[in-house]
Amino acid sequence: MSKRPSHASVANGAALQDDSTSAAAAEFDRSHDKQKILFSTDAGHFSLIRAMHLADLITELNGLCGVLSLFSSMRYCLGDPADKTNLYYALAFLPFGLFFDFMDGKVARWRKKSSMMGQELDSLADLISFGVSPAVVAFAIGIRTPLDHLCLGFFILCGLTRLARFNVTATAIPKDANGKAAYFEGTPIPTTLGLDAIMAYWVSQGWIHDSLPWGTMFQGTALEFHPIVLIFMLHGCLMTSKTIHIPKP
């Protein structure tokens, strides 16, 4: 999740600062109101594109990286399992998603333009790149029994819930001098890149499909699953934790 400011967080942070910070918050207000008016009244050609900020377009690139990762995973599943090229592509797109996730917040603060649409776009793009895509890579490398599916679904839903909670509670979390939230509540969803790094190592070592670490439990039964999937469930629980507070850099 990027450090992209929300309209409300900037306004709340500005209340504690001097006149210059208040002026910055007023600029965010004007930007937000202008985009809202454009979305509701402009019916011309490409009105949606024209109403978007530069930071919004960068957020779209984050989502694109997640989508390309999904397609690469599916191409691997349809091809020769011995050819891991598409698996590496699927994993390689995700750090680029993190880069764009980081840059959209930087650009929003640089241009002093933020919006509710930008905040929602950010969450949706993060869900694709850091929630759905890693789970689909896990499926591609062999974590694919029916019980595995439920466990990976739990992981994705934890990411979804964590992002929704962030949008709802952003204004309630204490702010720093710039109006940014002082800490993350639960682990940020981009930390799933750690899981991607682990899977990349497994792929490089050939530890996929029947060679997955920790093997398979209850093989041949309805409860058959790969114990390694529990790492995804643990990470999902960490994302939704309310007691874990990670200071923002």
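Buried means under 20% relative accessible area, exposed means over 50%, and partly exposed is in between. I wrote this down before opening the model, which is a predicted one.

**Entry 1: His209**

I looked up His209 and found a relative accessible area of 25%, so I noted His209 as partly exposed. I then checked where His209 sits: in the loop between helix H8 (193-205) and helix H9 (230-240). Which residues does His209 touch, not counting residues up to four places away in sequence? I listed Tyr76, Pro81, Ala140, Ile141, Gly142 and Arg144. With Tyr76 there is also a polar contact, side chain to side chain, at 2.8 Å. His209 and Phe139 are 70 residues apart in sequence, and their C-alpha atoms are 9.5 Å apart in space.

**Entry 2: Thr59**

I moved on to helix H4, where Thr59 lies. Is Thr59 buried or exposed? I read a relative accessibility of 1%, so Thr59 counts as buried. I also looked for a partner of the Thr59 side chain and found the side chain of Asp104, in a polar contact of 2.7 Å.

**Entry 3: Leu61 and the patch**

I stayed in helix H4, which covers residues 54-78 and holds Leu61. Leu61 has a relative accessible area of 34%, so I put Leu61 down as partly exposed. I then looked up which surface patch includes Leu61. Leu61, Leu64, Leu68, Phe71 and Met74 form a nonpolar patch on the surface. Together these residues have about 420 Å² of accessible area.

Terms used:
Residues numbered from 1 in each chain as written. Predicted model: local features only at pLDDT ≥ 70, side-chain atom pairs only at ≥ 80, totals over all residues. Heavy atoms only, no water. Patch = residues over 30% accessible without salt bridge, like charges linked within 9 Å, V, L, I, M, F, W, Y side chains within 5 Å. Areas by Shrake-Rupley, 256 points an atom, 1.4 Å probe, with all protein chains shown as cover. Salt bridge = Lys/Arg side-chain N within 4 Å of Asp/Glu carboxyl O. Helix = DSSP H or I, 4+ residues; strand = E, 2+ residues; numbered from the N terminus. Buried < 20%, exposed > 50% of the residue type's maximum accessible area, 1.4 Å probe, protein only. Contact = heavy atoms within 4.5 Å. Polar contact = N/O pair within 3.5 Å; in protein donor to acceptor, adjacent residues only side chain to side chain.
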